[in-house]
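Subject: Structure handover

Hello,

Here is the structure I promised to pass on. Please open it first, then read my notes below.

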Amino acid sequence: MVTATATNVGREAVEPVGSEDPTPSREIVLDLHRRMVRIRQFETEAGRLMEGGKLPGFLHLYVGQEAVAAGAMSNLRDSDQISSTHRGHGHAVAKGAQFRQMFAELFGRVDGYCKGRGGSMHINDLSIGMLGANGIVGGGIPIAVGAAFAAKYRGEDSVAIPFFGDGASNIGAFHEAANMAGILELPVVFVCENNGYAEFTALRDHMKLDNVADRAAAYGFPSEICDGMDAIAVRAAVGRAVERARAGGGPTLVEAKTYRYYDHQGVKGLRKTYRTQEEVEAWRERDAIKLLEARAVAEGIVTEAEFAQVWAEVDADITESVAFAEASPFPDVADFALNVYSD
């Protein structure tokens, strides 16, 4: 089992971890940055709309964890497939989902990815390999393993990645899927986004291990721990696992130690007592986007003006996409059974 030192999660002491991987090319840095900014601004706007009562239901926001989705997805092709979680907007956006269809789906409109029927927790786009977000904890893991099985059966070199949290590693679906992947040596990379909390329960209170990565050994494949607040480190760790999977080496479990800035649901949240404000602020000091920008500017790879241009372009895209979504019609009641039953 391959592991590396990483930040403790679910504890108030946060120890910064520097990336041991060399800074990648300018093109890769800009790609990672744009993916993260797109996630950050989409989620920020979605949270604002929800708190303002403009979106139905509630959202599980991905803010703080952007480096994991961006770093992992930068290794993938459209033909590679992913499954997601209830906190799935970030994965969809990083895989290439467009703001127009994303916002339309959140608004429950027909121009959404699921024609307004899926909502926040069930967005999918098969054209980019997004098999869907999933409201069931751990529910997406066997779906991705099934996709990896299909790819191997067809002789393709595509890879599947199920994203899941630390709490989902306690669910039977994870263990069954990991066992199958290990036995059949499937091209799957299990990416655990360990943000330290299973909803409101700290890691130390729901499992005896400090690292989810240790569970891979039971199923006969390697694991790696990376700093989930460092997009370059995530890209490198997942990249090694993807390369191994494409070459027929079988599965790998990558555990990214990360943190969500907001509560389990929404921006204001329902409970504040399970973690301290000091803990939240300590993690915010290691913000993945700020760290990447500072490192790239210091090393002369990208200028501050170029980064600012990315933020401006993304904000303009969001403004236009929200207007598009609000103008999109609601589904026709007469079509309530559409796609519910097969022909």
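Histidine 33 counts as buried, because its relative accessibility is 0%. A word on the source before going on: this is a predicted model. Histidine 33 sits in helix 1. Setting aside neighbours within four places in sequence, histidine 33 is in contact with Ile289, Leu292, Glu293, Phe307, Val310 and Trp311. In sequence, histidine 33 and lysine 290 are 257 residues apart. In space, their C-alpha atoms are 9.6 Å apart.

**Arginine 40, also in helix 1**

Arginine 40 lies in helix 1 too. Is arginine 40 buried or exposed? Arginine 40 has a relative accessible area of 12%, so it is buried, the cut-off for that being under 20%. Not counting residues up to four places away in sequence, arginine 40 touches Val63, Gly64, Glu66, Tyr261, Asp287, Ile289 and Trp311. Ile289 and Trp311 are also among the contacts of histidine 33.

**Helix 11**

Helix 11 covers residues 304–327, which is 24 residues. It reaches 35 Å from its first C-alpha to its last. That is close to the 34 Å expected at 1.5 Å a residue. Which residues of helix 11 are buried? They are Phe307, Val310, Val314, Ile318, Ser321, Val322 and Ala325. Phe307 and Val310 are both in contact with histidine 33. What covers these buried residues includes helix 1 (26–51), helix 4 (99–106) and helix 10 (288–298).

**Three loop residues**

Now to the loops. Leucine 131 is in the loop between helix 4 and helix 5 (140–154). Its relative accessible area is 25%, so leucine 131 is partly exposed. Beyond its neighbours within four places in sequence, leucine 131 is in contact with Gln81, Ile82, Asn124, Leu126, Ile143 and Ala147. Leucine 131 and glutamate 320 are 189 residues apart along the chain, with 26 Å between their C-alpha atoms.

Proline 222 is placed in the loop between helix 7 (203–206) and strand 6 (223–227). Proline 222 is partly exposed, at a relative accessible area of 23%. Leaving aside neighbours within four places in sequence, its contacts are Ala216, Arg244, Pro251, Thr252 and Leu253. From proline 222 to glutamate 281 is 59 residues in sequence. C-alpha to C-alpha, the two are 33 Å apart.

Glutamate 185 is in the loop between helix 6 (172–184) and strand 3 (189–194). Glutamate 185 is partly exposed, with a relative accessible area of 45%. What is the phi of glutamate 185? It is near 50°, a positive value in a residue other than glycine. Most residues other than glycine have a negative phi.

**The whole protein**

Last, the overall picture. The protein has eleven helices and seven strands. Its C-alpha trace spans about 55 × 50 × 40 Å along the principal axes. The radius of gyration is 19 Å. A compact globule with 343 residues would have a value near 20 Å, so the two agree.

How much of the protein counts as buried? The share is 55% of the 343 residues. The protein exposes about 14,600 Å². Carbon and sulfur atoms supply 53% of that area.

Contacts reach along the chain as well. Take those between residues at least 6 apart in sequence: 75% of them join residues at least 24 apart.

On charge, the protein has 34 positive and 48 negative side chains. The centres of the two sets lie 2 Å apart.

Over to you.

Best wishes

Technical notes. Residues numbered from 1 in each chain as written. Predicted model: local features only at pLDDT ≥ 70, side-chain atom pairs only at ≥ 80, totals over all residues. Heavy atoms only, no water. Helix = DSSP H or I, 4+ residues; strand = E, 2+ residues; numbered from the N terminus. Expected span 1.5 Å × (residues − 1). Buried < 20%, exposed > 50% of the residue type's maximum accessible area, 1.4 Å probe, protein only. Contact = heavy atoms within 4.5 Å. Rg over C-alpha atoms; globule rule 2.2 N^0.38 Å. Areas by Shrake-Rupley, 256 points an atom, 1.4 Å probe, with all protein chains shown as cover. Lys, Arg positive; Asp, Glu negative; His and termini not counted. Charge placed at Lys NZ, Arg CZ, Asp CG, Glu CD.
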